[in-house]
Amino acid sequence: MAQNIYDNPDFFAGYSQLPRQVHGLDGAPEWPAIRAMLPDLVGKRVVDLGCGFGWASRWMREQGAASVLGLDLSQNMIERARADTADTAIEYRIADLDTLDLPEAAFDLAYSALTFHYVQDFGRLVHVIRKTLVPDGHFVFTIEHPIIMAAAHPHWISDEEGRKTWPVNRYSVEGERRTDWFAKGVLKYHRTLGTTLNTLIGAGLQIRRIEEFAPTREQIQQMPQLAEELERPMMLIVSASTSIGGKLRSLRDIRPD
């Protein structure tokens, strides 16, 4: 079973005060970039993997999704999501993504925000997601960028001129990373950018778009503390699908006459 850090009282109390949890999607600077990668949601069946407080689940219903299944390991998260949701087309369940199974061809979109770096067996989960998506299904997710994840002791350091630098070490050594963030010993799993993308390809998914998110100039003007995020990418945003633009055509179909 994955580490259930979100049911740690100290962690949950601190996490709940983050701007993205107080203000929802409007408090997440990467949200406009994510939104641009999402497909048309009208009539779609969505699974929200690591749904947290349910912000994205509720937004997707507002955009016309037919149904949303929100999954999270944390009882605290699920209880909060249920308390804040009055929509019978959204269902929340406690689930461990490391052991998750989902029915075949049950969803049009699989979505996840900042969750997969807590998953030990990413390859297994991606195959589960691939199986549960319909043909022309979409898969959009964010994770902490591998550059952030790699360091044994992640923190800002200053060079001799006072410029902030993020250490990158042990990048090619994948596996467990433990950090102190609202609580001691938070367990995450570092994977290189190549491993992350090749896992999708190996499961038969087509990669549509990649963003190594950094805040815009306008966002920094509104929240000056975001300026340091220009020194290294905050997160990786990935859009993939079970196919691109319908069935793949043969060379005969696409070559010029």
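Helix α6 (residues 122-132) has Phe122, Leu125, Val126, Val128, Ile129 and Thr132 as its buried residues, where buried means under 20% relative accessible area, exposed over 50% and partly exposed in between, with a 1.4 Å probe and protein chains only. Seen down the axis of α6, these buried residues fall within an arc of 160°, so they line one face of the helix; the arc is that of the directions from the helix axis to the C-beta atoms. This is a predicted model, in which local features need pLDDT of at least 70 and side-chain atom pairs count only at pLDDT 80 or more, while totals for chains, interfaces and linings use all residues. Residues are numbered from 1 along each chain as its sequence is written, and side-chain values use heavy atoms, with hydrogens and water left out.

**Confidence**

- The chain has a mean pLDDT of 89, and 90% of its residues reach 70 or more; pLDDT is the predictor's confidence in each residue, from 0 to 100.
- Over residues 246-257 the pLDDT is below 50, and beyond near neighbours in sequence this stretch has two contacts in the model, a contact being heavy atoms within 4.5 Å.

**Sheet**

- An open sheet of mixed pairing is formed by seven strands in the order β3-β2-β1-β4-β5-β11-β10; helices (H or I, at least four residues) and strands (E, at least two) are DSSP runs numbered from the N terminus, and two strands pair if DSSP finds at least two bridges between them.
- At the edges stand β3 (90-94) and β10 (206-213), each with a single partner strand, so one side of each is left without a neighbour in the sheet.
- On average, neighbouring strands of this sheet are turned by 15° against each other, direction ignored.
- Strands β10 and β11 (residues 235-241) run antiparallel and are joined by seven bridges, and the bridge partner of Ile210 in β11 is Val238.

**Helices on the sheet**

- Helix α4 (residues 55-62) lies across β1, β2 (67-72), β3 and β4, running at about 160° to β3; axes are lines fitted to C-alpha atoms, for helices over the stretch in contact, and angles run from 0 to 180 degrees between N-to-C directions.
- Helix α6 packs on the sheet, touching β1, β4 and β5, and its direction makes about 145° with that of β5.
- The buried residues of α6 pack against β1 (45-49), β4 (107-113) and β5 (133-144), and also against α8 (193-202).

**Nonpolar cores**

- The largest nonpolar core has 29 residues, and those with the most contacts inside it are Leu49, Phe116, Phe139 and Leu200; such a core is a set of buried Ala, Val, Leu, Ile, Met, Phe, Trp, Tyr and Cys residues joined through side-chain atoms within 4.5 Å.
- At least two residues of this core come from each of β1, β2, β4, α6, β5, α8 and β11, with α6 giving the most, five residues.
- Leaving aside neighbours within four places in sequence, Leu200 is in contact with residues including Phe122, Val126, Phe139 and Val238.
- A second, separate core of 25 residues includes Trp59, Ala65, Ile78 and Ile237.

**Individual residues**

- Ser239 is found in strand β11 and counts as buried at 4% relative accessibility; leaving aside neighbours within four places in sequence, Ser239 is in contact with Met37, Phe139, Val140, Gln206, Ile207, Arg208 and Arg209.
- Gln63, in the loop between α4 and β2, counts as partly exposed at 35% relative accessibility.
- Not counting residues up to four places away in sequence, Gln63 touches Leu41 and Val42; Gln63 and Val42 are 21 residues apart in sequence and 6.5 Å apart in space, C-alpha to C-alpha.
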